[in-house]
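Visitor: I have a chain open on my screen and would like to walk through it with you. Could we start with the overall picture and then go into the details?

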Amino acid sequence: MLSTVVEYEGMRKREATSPPRSGYPFSRLPRHEGGAHMPDDRCRLGSDDVVIGLDLASAEHQVVVLTADGQRLTRFRIPHSRVGLEELLRRTMPAALGRAEGARVFAFEATGHVWEAVAYLLRARSERYVVVNPLTTFRVREARQLSREKTDLTDAEQIAELCRTGLVTQTQLEARPYLALRRAWGEYRRLREERARLKVLVAHQLYGLFPEFLRVWANLLQPGALAVLRTGLTPAAMAALSLSEFVACVREHRAGRRVWRFKLAQVHRYAEQTIACPDGIDVLAREVQRAVARMDALTTQMTVVATEIDALLADLEETQYLRTIPGLGWASVAGLLAHVGAITKYRHGRQLIKLAGTNPSRRDTGQTVGRGQTMSRRGRAGLREVIYLATISCLQHNPRIRAHYDRLIQRADRPLTKMQALGACMNKLLLYAFAVMSRREAFQLDHDWQRTMPRVA
């Protein structure tokens, strides 16, 4: 992880010495967790402009209107409906507020899926809007009030104030194919997590139903294990059957998958000498049978969603270039594109690192100087999970990532621990992903990516 600190220090020095952009207070607009600075025409406030802060909710939104100098003009509530949003646009017209020469900009947090509907309507009407980081709102509210008091009115006013002073992000509503991919990937991930939860539940119930079963199949998602559990037989019922009858019974529930007979013979042998308590064991058997049925349903749904994701990936040009990186599989490519979105909104690969929250953070206090450069974790946890699993795969299948990892843990000067080196490799993989997507080139193991890294003015 320390290998990237020099790059960040150099970047901060260049930014500190560069002349400020015009349009204060929005000229010092920070980059958001993965995007570039917002264009000046979107951020510049005139003396007659107004900022509309929205505290979004599922049923009703709180609205506060501030002038460019921070004076509150009005506040009101609107329902979360098309009629309510039309009322918002009508009541916040600069002419209706007595500022005929001014313009307006809307500001709100990314609250669930509610903000997407608001952003879609504003984009359709060619209205300017910005998204405020919820963490920024939370921290600044505590600093201003020195309490945990929270109301919709104070939140809406705080959001408008953050927009007025420039502490906003560039996050905009994704284009249709990327937004569809993000939603499909989110569903796939939730289905996978639910199936994993049921898998753990079945494993725990087997400790009471048939403890020896886990000696035969450690992974309960194997076709043979699922076929046996679908039968709903207790160990006593298995032992009462002959081996041929037991095999025939299991094969009726194999769902078209191959089942190994020698595995079934092991299960049958263990069933004759199981240590499980026989009292009430039939209840456990039925519960496990129903849990496996839910797992089968989730697997079927995952297959359907995976087909939909394949169709969405085929429409994105970045897919073919990401797949040329050794070690990136289907899930890694889909998850990466779902979280990153269109690569054209990023100016440098370091913005992807910040989006994932894998950028190193330094912590000094008093005489204590932080030595370990830990991840900031101020980005998207889902993207970190995707890139972590992808990096584990690349350590085996990508020679460049593996060479980078070995060099960091074996160098004589300040060698990194294994986890620190793994974090640095995650950042390296994100830089490679940015390079191949932005340059529209296939990944080459002998290519000097660092010297040919694209720079956007």
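Guide: Let us begin with a term: a residue is called buried when its relative accessible area is under 20%, exposed when that area is over 50%, and partly exposed in between. Please keep in mind that this is a predicted model. With that cut-off, buried residues make up 46% of the 457 residues in the protein chain.

Visitor: How many helices and strands does the protein chain have?

Guide: The protein chain has 19 helices and nine strands. Among contacts between residues at least 6 apart in sequence, 64% join residues at least 24 apart.

Visitor: In what order do the strands of the open sheet come?

Guide: The open sheet has five strands, in the order S3-S2-S1-S4-S5, and its pairing is mixed. Because S3 and S5 (128-132) stand at the edges with a single partner strand each, one side of each is left without a neighbour in the sheet. Neighbouring strands of this sheet are turned against each other by 25° on average, if direction is ignored.

Visitor: What joins S2 to S3, and which way do they run?

Guide: Strand S2, residues 60-67, and strand S3, residues 72-79, run antiparallel and are joined by seven bridges.

Visitor: Is S2 mostly covered or mostly open?

Guide: S2 is mostly covered, with seven of its eight residues buried.

Visitor: Where does the parallel pairing come in?

Guide: Strand S4, residues 104-109, runs parallel to S5, and five bridges join the two. In this pair, Glu109 stands opposite Val132 in S5. Helix H4, residues 114-124, packs on the sheet and touches S1 (50-55), S2, S4 and S5, while its direction makes about 165° with that of S4.

Visitor: Which other residue has a positive phi although it is not a glycine?

Guide: Ala255 has a positive phi of about 55°. Ala255 lies in the loop between helix H11 (243-251) and helix H12 (261-272), and it is exposed, with a relative accessible area of 61%.

Visitor: Changing topic to helix packing, at what angle do H5 and H6 pack?

Guide: Helix H5 (residues 134-145) and helix H6 (residues 152-165) pack at an angle of about 105°, and their axes are 10 Å apart. Angles of 65 to 115 degrees count as roughly perpendicular, and H5 and H6 are therefore roughly perpendicular to each other.

Visitor: Which residues make that contact?

Guide: On H5 they include Thr136, Val140 and Arg144, and on H6 they include Asp155, Ile159 and Leu162. By class, the residues in the contact of H5 with H6 divide into three nonpolar, five polar and four charged.

Visitor: How do H7 and H15 pack?

Guide: Helix H7, residues 176-209, and helix H15, residues 330-340, pack at an angle of about 130°, with their axes 8 Å apart. That angle makes H7 oblique to H15, and the crossing of the two helices is left-handed. Among the residues that meet there are Leu181, Trp185 and Tyr188 in H7, and Trp330, Ala334 and Leu337 in H15. The contact of H7 with H15 has eight nonpolar, two polar and one charged residues.

Definitions and conventions: Residues are numbered from 1 along each chain as its sequence is written. This is a predicted model: local features need pLDDT of at least 70, side-chain atom pairs count only at pLDDT 80 or more; totals for chains, interfaces and linings use all residues. Side-chain values use heavy atoms; hydrogens and water are left out. Two strands pair if DSSP finds at least two bridges between them. Helices (H or I, at least four residues) and strands (E, at least two) are DSSP runs, numbered from the N terminus. Axes are lines fitted to C-alpha atoms, for helices over the stretch in contact, and angles run from 0 to 180 degrees between N-to-C directions. Angles under 35 degrees count as roughly parallel, over 145 as roughly antiparallel, 65 to 115 as roughly perpendicular and the rest as oblique. A crossing is left-handed if the near helix is turned anticlockwise from the far one by less than a right angle, and right-handed if clockwise. Contact means heavy atoms within 4.5 Å. Ala, Val, Leu, Ile, Met, Phe, Trp, Tyr, Cys and Pro count as nonpolar, Asp, Glu, Lys and Arg as charged, and the others, Gly among them, as polar. Buried means under 20% relative accessible area, exposed over 50%, partly exposed in between (1.4 Å probe, protein chains only).
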